[in-house]
Structures are given as C-alpha cells and as structure tokens.
Amino acid sequence: MSGIFSTNNQDSALFIGGSRVSGQEVRAQNVMAALSIANVIKTSLGPVGLDKMLVDDVGDVTISNDGATILQLLEVEHPAGKILVKLAQQQDTEVGDGTTSVVIIAAELLRRANELIKNHIHPATVITGYRLACKEACKFIADQMALKVDKLGREPLVSVAMTTISSKILGTYGTFFAEMAVDSLSAVKTADFRGKARYPVNAVNIFKAKGASARESSYFTGYALYRPFTSPAMKRSLKNPKILVIDFDITKTRMKMGVNIVIDNPDELEAIRKREMDISSERARMILDAGVTAVFSTRGIDDVYVKMFAEAGAITVTRVPKEDARRIAKGTGASLITTLANLDGDESIDVSSIGSAELVEQVRLSDDDIVVIRGAKEQRASTVILRGANDYMLDEMERSFHDSLCAVKRVLESGAVVPGGGSVETALDVYLESFATTLGSREQLAIVEFANALLAIPKQLSVNAAKDSIELIAKLRAYHSAAQKATADSSRSALKNYGLDLYEGKLRDNVKAGVLEPAMSKIKMLKSATEAAINILRIDDMIKLLPEKQEEDPHAHM
C-alpha cells in the first residue's frame with residue numbers, strides 16, 4: 001500500500017504515488033513559507049535598512065537591499081513562496097518601488113488570516129473582509145491622502161526620486177542622483193495617440209564605467225552605443241547625418257552552398273572573383289548615392305568597403321546589438337533593413353527608410369570609445385553614465401537609479417503623491433478600524449486584522465532604525481486619529497501628513513520634509529498584496545505527485 005497518498009484523511013481512496021496535505025495543515029505550511037520569505041528581506045526595508053550578500057552556485061556575488069532582486073536570486077521551492085517572489089517582481093515591473101513592502105504586507109495578512117481561521121472563522125469570510133478592506137483603503141488613499149500635483153514642478157519630482165533612492169546605495173549622495181533622474185526622464189517626454197504625455201523609462205540608457213567616484217556620474221541627451229567607429233580614418237563627429245540601419249553584412253559576396261559553376265577557361269575564374277567583389281561594391285555605392293552618411297550594421301563590413309565609406313566622408317558602426325539597432329531606427333525615423341531587394345527583384349534603397357539626427361559623434365568614456373547620437377528626429381533619448389569603484393557597486397547603482405526613474409515616471413503620468421514614512425499605512429489602520437465598527441457581520445474581524453497588518457510597515461521601519469517602535473507607532477496613531485476626527489478647516493487636519501523621521505526618532509510632517517511617494521505605488525501595493533494573500537488563503541488541499549521512476553538500464557554498468 002506504499003503507493004497510496006500519505007494523508008491524515010483515512011477515507012481517501014486515491015491510489016496515486018505522491019503525498020496529500022489538507023485543511024489547516026496546508027494553510028499553516030503556506031503561511032510559514034510566506035513568513036520565511038518576508039523574514040529574509042524585512043531588515044532591508046527603509047532608508048536605514050541593511051544589505052544582503054547573495055552568492056550563487058558559480059561564486060558570483062550580488063550585494064543589494066532591493067526586495068525584488070534578493071528574491072529573484074533565491075531558489076524558492078515552496079509553491080506559496082514562489083507566489084510572493086512573483087508578487088515582488090510584478091511590483092518592480094509595474095511601479096519600480098515598494099517591492100519589500102508588498103511582500104511584508106502579504107505575509108502579515110496571511111499570518112493574521114491564519115489566526116482568524118484557527119478561531120473558527122471561515123476562510124470565505126476572511127477573504128470577503130479582506131476584499132472589502134482593500135477597496136475601502138484604496139478609496140481612502142485616493143480621496144484623503146493623495147496630493148494632486150497639477151502643475152508638476154521640479155521640487156516634488158526630486159523629492160519622490162530622493163525618497164526612492166534614500167534606502168539604497170545612492171541615498172548617501174543627497175539630491176545629486178535624484179535630480180539626474182528627473183532631468184534624464186523629462187528629456188524623453190513623448191505623447192501617445194490620445195495626446196497624453198508618456199515617459200518611456202527604456203528611452204533612458206544607463207551606462208556603467210568603472211573608475212572615478214560616483215559624484216563624477218553624468219547624463220546627456222542622446223542615444224549612446226558601446227561601439228566605436230569602424231575606422232580611425234573616419235570623422236570624429238558628423239552634423240545632420242542621414243542614418244541607415246541595416247541587418248545584413250557588407251562583405252565579399254560568396255556563392256551559396258550547393259551552387260556549382262563549371263568553367264572551361266581559367267581566366268573566367270578571375271572574372272567571377274571580381275564580380276563577387278563588385279556586387280558588394282555596388283551595394284556600398286548605392287548606399288552612398290542615396291545620401292546616407294552614417295551606417296549602423298548589426299553585422300560586419302569588410303575593410304575594403306569601410307575605406308569606401310571613409311573616403312566619401314561617411315561613418316560606419318558594426319556589430320550593433322539588435323535591440324540597440326531597433327531603438328536607433330525608431331528614434332531617428334529609420335527602418336531596420338534586412339535586405340536591399342525590392343519586389344521587382346532588383347536592389348534599391350527606399351528614401352523613407354533613412355533616418356536623421358542633429359549629430360553623430362565618437363566620445364571617449366573611461367577606456368572605451370562610444371558613439372553618441374544627439375537630436376534624434378522621432379524620439380528623444382537620454383543617457384546616464386554611472387561611475388563607481390567596482391562591478392558590485394555599479395550594478396547596485398543601476399538598480400537604484402532604475403527604481404527612481406520608475407517612481408518619477410508614475411508621478412509624472414498619474415499626477416498624485418502621498419506622504420511617506422509610514423504615514424499612509426497608519427492612517428489606513430485608524431480609518432479601517434473605525435470603518436469595521438459600522439459593519440454588523442463577521443467580516444469586521446477580518447477588516448480589523450487587515451488594518452493591524454498594515455502597521456507592519458511603520459513598525460519594521462522603526463525597528464530597522466533602532467528606534468522604539470511601540471512608542472512611535474502609538475503616537476503616530478494618535479496623530480492620525482485626531483486628523484480624521486478634525487474638520488477640514490481645523491489645524492489638526494494637517495496631522496494626516498505626519499510620518500516617521502527615522503534619523504531623529506520622532507514624528508514630522510513628511511510633505512514639508514519632502515518624503516513623498518507615488519500614490520499609484522501604494523494603491524498597487526495594497527491590491528497586489530491582498531490578491532496574493534487571498535490566492536494563498538483559498539488553498540485547502542495540496543497534492544504533490546512523486547516523479548516517475550526511470551527504469552534502470554541493464555547495460556548501465558558496462
């Protein structure tokens with residue numbers, strides 16, 4: 001009977017090799033897995049959070065305090081744990097910030113829900129209560145806590161970027177990198193088909209160069225490629241270039257495999273070789289005759305044709321990564337051409353496939369030469385050059401800077417911010433506890449637990465800063481309670497912006513202090529954490545099949 005499920009349910013008649021865990025036992029396992037994940041990253045929360053060093057199986061080292069990065073590098077086997085890892089990655093993709101917070105809240109929601117279920121509250125009741133609490137919380141943030149920034153000045157954007165990077169490696173450099181993030185993202189402003197402003201983060205190139213200090217990092221407007229011009233004989237810069245982006249090589253043409261040519265006269269062999277050279281020469285001449293002065297190829301160009309381009313005053317760049325080639329084509333208004341053949345079987349160049357820019361130049365960066373395209377015709381771009389001591393530092397700087405770009409993008413597109421430092425979570429705790437008393441059903445128990453779970457964020461912030469969390473949270477709850485009971489014109493209503501000052505160990509108005517976060521970040525964090533917790537709560541049975549045994553090869557010993 002060894003093939004029967006090992007389960008507490010003796011009446012099970014399923015004869016399949018594997019194991020089955022049901023009821024409270026599987027729920028307890030899932031909650032334990034979620035708490036284990038949260039415990040790994042909770043000490044990295046906040047501006048004084050600690051870093052984690054992760055070493056993989058080949059010895060590569062990663063030092064980071066970014067929740068999504070840490071969880072991505074962990075090899076999580078438990079299915080419930082994997083849900084939280086994907087949750088952090090989703091938050092990182094959609095918002096860019098709040099990856100640690102979303103995992104901590106989801107784990108705390110699960111722990112408190114498990115306690116309710118142990119006290120004979122049905123999981124369906126808890127799930128209904130959580131959904132109602134999440135809906136009310138998101139509505140409260142949008143109506144009461146969000147500050148509309150109608151005419152987005154520079155100051156609130158720098159504050160948002162500064163808040164995002166304050167907990168990371170770049171936080172020690174003041175507003176230097178925050179201002180750089182705002183400037184580089186503002187430079188790539190575009191509009192969608194509705195005319196609404198869009199700020200594509202992928203239009204900001206981030207280059208990493210070892211050497212020099214972090215304060216020597218810089219940014220400029222334009223595309224940049226880690227490739228030099230093909231020949232030193234070419235001009236260092238070219239104004240108003242006509243740009244062609246090609247996905248084929250310009251080399252000596254060779255006959256295709258399987259093509260046989262029978263010749264009677266040896267002199268004809270030389271003619272064939274000359275024609276092979278002339279085919280590519282004609283292509284190069286056709287490109288120059290079309291007015292092209294800058295060629296970007298994803299493949300190679302032979303020296304003899306590079307000489308032709310250089311003598312004509314054109315520049316060429318070879319071995320351009322395919323992704324960069326697409327971005328250059330999109331930005332300059334060109335097309336990525338895979339062949340010169342047209343529908344008639346001849347070869348020609350369509351003028352509409354040629355792009356333009358204001359300037360193409362080669363610039364020295366550290367020990368390498370890079371090509372910079374400025375003033376692209378269709379889409380602006382900006383490039384940030386990060387300088388640092390070593391690869392570990394540069395990798396963490398890149399992750400931190402990317403997070404700040406995402407946060408600024410969300411504020412620019414949504415136009416709303418909220419005070420940080422645990423202010424929103426504490427206000428929601430006070431509001432939801434008051435809201436729960438208006439319900440006459442069991443859901444109010446779940447809503448109260450949802451409210452208390454949100455306090456995990458300000459508590460963990462205080463603990464990580466080595467401050468007295470009990471006293472600070474009690475005082476902060478009192479402030480927000482007074483603010484919610486006050487009338488709109490009362491001076492006490494301003495207390496809703498109060499949050500934690502983790503360096504001084506006291507409370508302060510975080511709006512005046514410039515500690516701001518995107519309102520969208522908080523709303524998405526709550527929705528994602530609630531949905532993840534509900535998905536795990538709905539599981540009451542886990543069936544794990546054993547892998548099929550492979551038959552032994554009788555000749556394996558030979």
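A salt bridge is a side-chain nitrogen of Lys or Arg within 4 Å of a carboxyl oxygen of Asp or Glu. Keep that in mind, please.

Before I go on, the ground rules. This is a predicted model, where local features need pLDDT of at least 70 and side-chain atom pairs count only at pLDDT 80 or more, while totals for chains, interfaces and linings use all residues. Residues are numbered from 1 along each chain as its sequence is written, and side-chain values use heavy atoms, with hydrogens and water left out.

Back to our pair. E396 and R399 are 3 residues apart in helix α11, so about one helical turn separates them. A helix here is a DSSP run of H or I with at least four residues, a strand is a run of E with at least two, and both are numbered from the N terminus. Why does one turn matter? An α-helix has 3.6 residues a turn, so residues three or four places apart point the same way. 

Now, is E396 buried or exposed? It is buried, because its relative accessible area is 4%. Buried means under 20% relative accessible area, exposed means over 50%, and partly exposed lies in between, with a 1.4 Å probe and protein chains only. R399 has 22%, so R399 counts as partly exposed.

How many salt bridges does the structure hold? It holds 25. Let me show you a few of them.

Take E115 and K118. Their side chains meet at 4.0 Å, N to O. Both lie in helix α4, 3 residues apart, which is about one turn of the helix. E115 is partly exposed, at 38%. K118 is partly exposed too, at 46%.

Next, K522 and E425. Their closest N and O atoms are 2.7 Å apart. K522 lies in helix α16 (residues 519-537) and E425 in helix α12 (residues 423-436), so the pair ties together parts that are 97 residues apart in sequence. K522 is buried, with a relative accessible area of 6%. E425 is buried as well, at 3%. There is also a network: salt bridges that share partners join E108, R111, R112 and E449.

Let's move to the surface. D56, D57, D60, E75 and E77 gather there in a patch of negative charge. Patches take residues with over 30% relative accessible area and no salt bridge; like charges are joined within 9 Å, and nonpolar side chains (Val, Leu, Ile, Met, Phe, Trp, Tyr) within 5 Å. Asp and Glu count as negative, Lys and Arg as positive, and His and the chain ends are not counted. The place of a charge is NZ of Lys, CZ of Arg, CG of Asp or CD of Glu. Look at E75, in the loop between α2 (67-73) and α3 (79-94). E75 is exposed, because its relative accessible area is 75%.

There is a nonpolar patch as well. V259, I261, I263 and L269 form it, with about 300 Å² of accessible area together. Accessible areas come from the Shrake-Rupley method with a 1.4 Å probe, and for residues only the protein chains shown count as cover. I261 sits in the loop between β11 (242-246) and α8 (266-289). At 45%, I261 counts as partly exposed.

Now go inside. Where is T316? It is in strand β13 (residues 315-317). T316 is buried, with a relative accessible area of 0%. Leaving out residues up to four places away in sequence, T316 touches F229, T230, M234, V295, I301, V306 and F309. Contact means heavy atoms within 4.5 Å.

S159 is another one to find. S159 is in helix α6 (residues 154-165), and at 13% it counts as buried. Beyond residues up to four places away in sequence, S159 touches G514 and L516.

Helix α7 (residues 176-186) has several buried residues: F177, A178, M180, A181, V182, S184 and L185. They pack against α6, β7 (204-210), β8 (218-221), β18 (382-388) and α11 (391-414).

H120 has a positive phi of about 70 degrees, although H120 is not a glycine. H120 lies in the loop between α4 (99-118) and α5 (123-145), and at 71% it counts as exposed. A212 also has a positive phi of about 70 degrees without being a glycine. A212 is in the loop between β7 and β8. At 37%, A212 counts as partly exposed.
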